[in-house]
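Open the model in your viewer and keep the sequence panel beside it. Each stop below gives a selection and then what is there.

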Amino acid sequence: MSTGFAAVPSAPSFRLTQARVPLCLVAAGGLAADRDGLALVDLSVEVGLLASILPAGTERLQDGPVLDLDGGIVLPRLVDCHVHLDKGHIWPRRRNPDGSFMGALNSVMADREANWSATDVRARMAFGLRCALAHGTAAVRTHIDSLGKQIGLSWPVLAELRAEWAGRIAIQGSPLFGIQFALDAAHVRDVVAAVKTHGNRLFGCVSYMIPELDAALDVIFRTAIENGFDLDFHVDETNDPAARSLEHIADAAIRHRFTGKILAGHCCSLALQEPQAEARIIAKVREAGIAVVSLPMCNMYLQDRTPGRTPRWRGVTALHELKAAGVPVMIASDNTRDPFYAYGDLDLIEVLREGTRILQLDHAGTDWANAVARTPAAIMGLEGQGVLSPGGPADLILTRARDWTEFFARPQSDRTVLVAGRAIDTTLPDHRELDHLMGGRP
C-alpha cells in the first residue's frame, strides 16, 4: 500500500501547516497570493472536514498532530468533466490503424459490436475509476455510447458503479450518439428512458454538419426541456473550418430560450476560423450560456495527422479567446488507452501539466487550476467539490512542489491523496488485470 510522501496523522483532527494553495481554488478571505497565485496557509482538518484555512502562522500551534508541508502545493481533489470510461483500455485488442479520427471511430465501432458485454464494460470502467481515484479525482462525467443494444447494456452498469463508488468518486453519465440519430424517434425514446432510469439528467450527442443539423438540434433541445435535462455535446472535432456546429448549437440554445447547463467539448475547428467568424461564434456561445471543455492530449494525438507529414497545429480550441470573452472553460482527460487516444491514465495533474504546455497557459494568468477543479465542478452541479472551503470536505492532493515550475517539471508521482481527511492507497492497478479481456497479448 502506498500513500505517497506524506505521513498524514491518523487522528480525526490534525493540522497541515506551511501549505501553498492556489488562491483561485480557495473559498476563504484574508489570504494573499504570491506571483504564482499561491497563498501560504495552515489547514485544520476535523473529522473529515476542513475546519479552517488561515494564513500560515496565524494561530499558535495547539496540542495535537501537525504535518509541516514545507511549502508544498495542496489542491482540492480534481474534477474530470469529459471522459469515456466505457471505451477505456481496449487498445491491446483494437488499435487505431493510422492514428486518424476515422481510424479511431471505425475501430471503436468494431470493438463495441464484438466485445462490449456488460461484464467487459464494467471491468474496464471500474479499472479506470481506480486509476482516477488513486491520482486524486473526486468526480467524473463519462460519456456512454448509446446506440442499439449498447443502451441496455452500458447504462445499468453505469448506475451500479455510481452506487458502488459513492463517497469516493461522484460519477455522471451523458449519452453519446451521432446527431443524425436525433431524427429517429424510437432511438431518442430509448435513450431518454435509459437516462431517466440510470442517468443524471444529462442528454446530448456528437454534432457535425449534416444537412438536417438544425432540425436535429431542435429535437435535442426540446427533449432536454421536456425532461429537465442538461446538455453535453461533442462538437466540431475536426480541422475543417467549415465545421461550425458550435454556432448552430448556440443559435438553438438562444432560439429555445434554454435555461439548463450546456457543455460543449472539443470545438477544435473554432481555432481555425477567420477572426471575425471566431469572434461572432464566441459571442453567441457566451450569450447562450455554453461552457467549453478542451481535451488537449487527445486532440493533439488525433488532429492534423497525415502520414509522413509533421502536424502544423495542436488540435485544441480557442480556449484563451473563449475565457477572455467570459465563457467558462476547462480541460479534461477524454479517452484512455483506446483508439481515440493510445495513452493517458485519467490523471488530471497530467492533464493540467500537459494542457499548460499544449495550450500555453503558463503566461496567461494564475487561475488556470480552475479548469480542472472549480469550473468543471460548477458545470456538473457539484456543491463543495473542486474548491478548498472551510466546512467543506478535506479532500486534498498534497505535493512536494513549492511553485508551478516544480509542480509541472515532474509528474508528482509521490503525491498523497486525502478523502475525508484520510490518506488513501494511491497504488495504481496493474494493466495485466485486464489481460483476460484482451483475447491474449503478443
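The tour goes from strands to salt bridges, then to rings and a surface patch.

This is a predicted model, in which local features need pLDDT of at least 70 and side-chain atom pairs count only at pLDDT 80 or more, while totals for chains, interfaces and linings use all residues. Residues are numbered from 1 along each chain as its sequence is written, and side-chain values use heavy atoms, with hydrogens and water left out.

**Stop 1: the strands**

Select residues 137–145. This is strand β7, and nine of its nine residues are buried, so the rest of the structure largely encloses it. Buried means under 20% relative accessible area, exposed over 50%, and partly exposed in between (1.4 Å probe, protein chains only). Helices (H or I, at least four residues) and strands (E, at least two) are DSSP runs, numbered from the N terminus.

Two strands pair if DSSP finds at least two bridges between them. Find leucine 78: threonine 137 in β7 stands opposite.

Pick alanine 139; its bridge partner in β8 is alanine 170. While the strands are on screen, recall that side chains in a regular strand alternate between the two faces of the sheet.

**Stop 2: salt bridges**

How many salt bridges does a search of the whole structure find? The count is 23. Each is a side-chain nitrogen of Lys or Arg within 4 Å of a carboxyl oxygen of Asp or Glu.

Select arginine 93 and aspartate 111. Their closest N and O atoms are 2.8 Å apart, in a salt bridge. Arginine 93 is in the loop between β6 (78–83) and α1, and aspartate 111 is in helix α1, so the pair ties together parts 18 residues apart in sequence. Both residues are buried.

Go to arginine 402 and glutamate 406. Their side chains meet in a salt bridge at 2.7 Å, N to O. Arginine 402 is partly exposed at 44% relative accessible area. Glutamate 406 is partly exposed too, at 28%.

**Stop 3: rings**

Show the aromatic side chains. The whole structure holds eleven aromatic pairs. Select tyrosine 301 and tyrosine 341, an edge-to-face pair with centres 5.7 Å apart and 85° between the planes. Tyrosine 301 lies in helix α8 (residues 296–302) and tyrosine 341 in the loop between β14 (329–331) and α10 (348–358), so the pair ties together parts 40 residues apart in sequence. Rings of Phe, Tyr and Trp (its six-membered ring) pair if their centres lie within 6.5 Å; planes under 30 degrees apart count as stacked, over 60 as edge-to-face and the rest as tilted.

Tyrosine 301 is buried at 11% relative accessibility, and tyrosine 341 is buried at 8%. Next, select Phe177, Phe203 and Phe229, a cluster linked by ring pairs.

**Stop 4: the surface patch**

Select Met102, Leu105 and Met109. They form a nonpolar patch on the surface, with about 260 Å² of accessible area together. Patch residues have over 30% relative accessible area and no salt bridge; like charges are joined within 9 Å, nonpolar side chains (Val, Leu, Ile, Met, Phe, Trp, Tyr) within 5 Å. Accessible areas come from the Shrake-Rupley method with a 1.4 Å probe; for residues, only the protein chains shown count as cover.

End on methionine 109. It lies in helix α1 (residues 101–115) and is partly exposed, at 40% relative accessible area.
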